[in-house]
Amino acid sequence: MAIEAELKARVRDPESVMTRLEDAYGPGRPEVYQDTYYDDPAGGLMGGDRELRIRTVHSTDDTRTVMTYKGTRVDEASGSKPEAETRVDDAAAAHAIVRGLGYVPAIAFEKRCRNYSIKADGRDLLATLVRVPEIDGTFIEVETVAATADDLPASLAVVRSVLDALGIADDDLTTEQYTDAVAALR
């Protein structure tokens, strides 16, 4: 399974970072994510640092749904995890299948995102400015795919270089998950 090589940071000056992104990569794609995280009734997935998510993405010209499974972290400093993701044609059916297998919704929330496609050092990256209405502040996520654990350090180095160019400092990085932050507020 491929590894999502990702770094996330709090953004101190969202307007400045958005301007840098727009100047370097063109206009971002505004999207709203409706995320539902599932778990077994005993909490074994999330308690074991794994995730099962169904996300419906609403953009100006498209609505799509993806199902994602993330395994346990392979890098504590970044929180990077193995990830398998696939698009599903019918969101209601996907939710019904997961529930039929005995999983229950653990938490659901909305993310308001602006996405930028980036090419750097021969890699495709995605930079996302994120606002979660229940959480104060703006975040940035920059991610790419590492084919293997051996490729993870090089992948994260490219991610870090993009964040550096955007003026994101090391002390702004966080591994706090949105699920944990939203759950703590409810």
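Mentor: The model is predicted, so local features need pLDDT of at least 70, side-chain atom pairs count only at pLDDT 80 or more, and totals for chains, interfaces and linings use all residues. Residues are numbered from 1 along each chain as its sequence is written, and side-chain values use heavy atoms, with hydrogens and water left out.

Trainee: Why is valine 98 called buried?

Mentor: Buried means under 20% relative accessible area, exposed over 50%, partly exposed in between, with a 1.4 Å probe and protein chains only. Valine 98 has a relative accessible area of 4%, so valine 98 is buried.

Trainee: What is valine 98 in contact with, leaving aside its neighbours within four places in sequence?

Mentor: Contact means heavy atoms within 4.5 Å. Beyond those neighbours, valine 98 is in contact with Tyr38, Leu52, Ile54, Met67 and Tyr103. Its C-alpha atom is separated by 9.5 Å from that of aspartate 39, 59 residues apart along the chain.

Trainee: Why does arginine 123 count as buried?

Mentor: Its relative accessibility is 17%, so arginine 123 counts as buried.

Trainee: What joins the side chains of arginine 123 and aspartate 151?

Mentor: A polar contact of 2.7 Å. The term requires a pair of N or O atoms within 3.5 Å; within protein, one must be able to donate a hydrogen and the other to accept it, and residues adjacent in sequence count only if both atoms are side-chain atoms.

Trainee: Which span is expected of helix 1?

Mentor: The expected span of a helix is 1.5 Å times one less than its number of residues. Helix 1 (residues 14–25) has twelve residues and reaches 16 Å from first C-alpha to last, close to the 16 Å expected. Glycine 26 follows helix 1, with a positive phi near 90 degrees.

Trainee: What makes a space a cavity, and what makes it a pocket?

Mentor: On a 1 Å grid over the protein atoms alone, a cavity is a set of points where a 1.4 Å probe fits but cannot get out; a pocket is an open set with protein on both sides within 12 Å along at least five of seven lines; lining residues have an atom within 4 Å of a point. By this rule there is one cavity of 30 Å³ or more. Its lining comprises Lys8, Ile135, Phe139, Thr174, Glu176, Gln177, Tyr178 and Ala181.

Trainee: How many residues line the largest pocket?

Mentor: The lining has 34 residues, with Glu4, Glu6, Arg55, Lys70 and Glu143 nearest the centre of the largest pocket.

How values were computed. Grid points are joined across faces, edges and corners, and a volume is the space filled by probe spheres set on the points. Helices (H or I, at least four residues) and strands (E, at least two) are DSSP runs, numbered from the N terminus.
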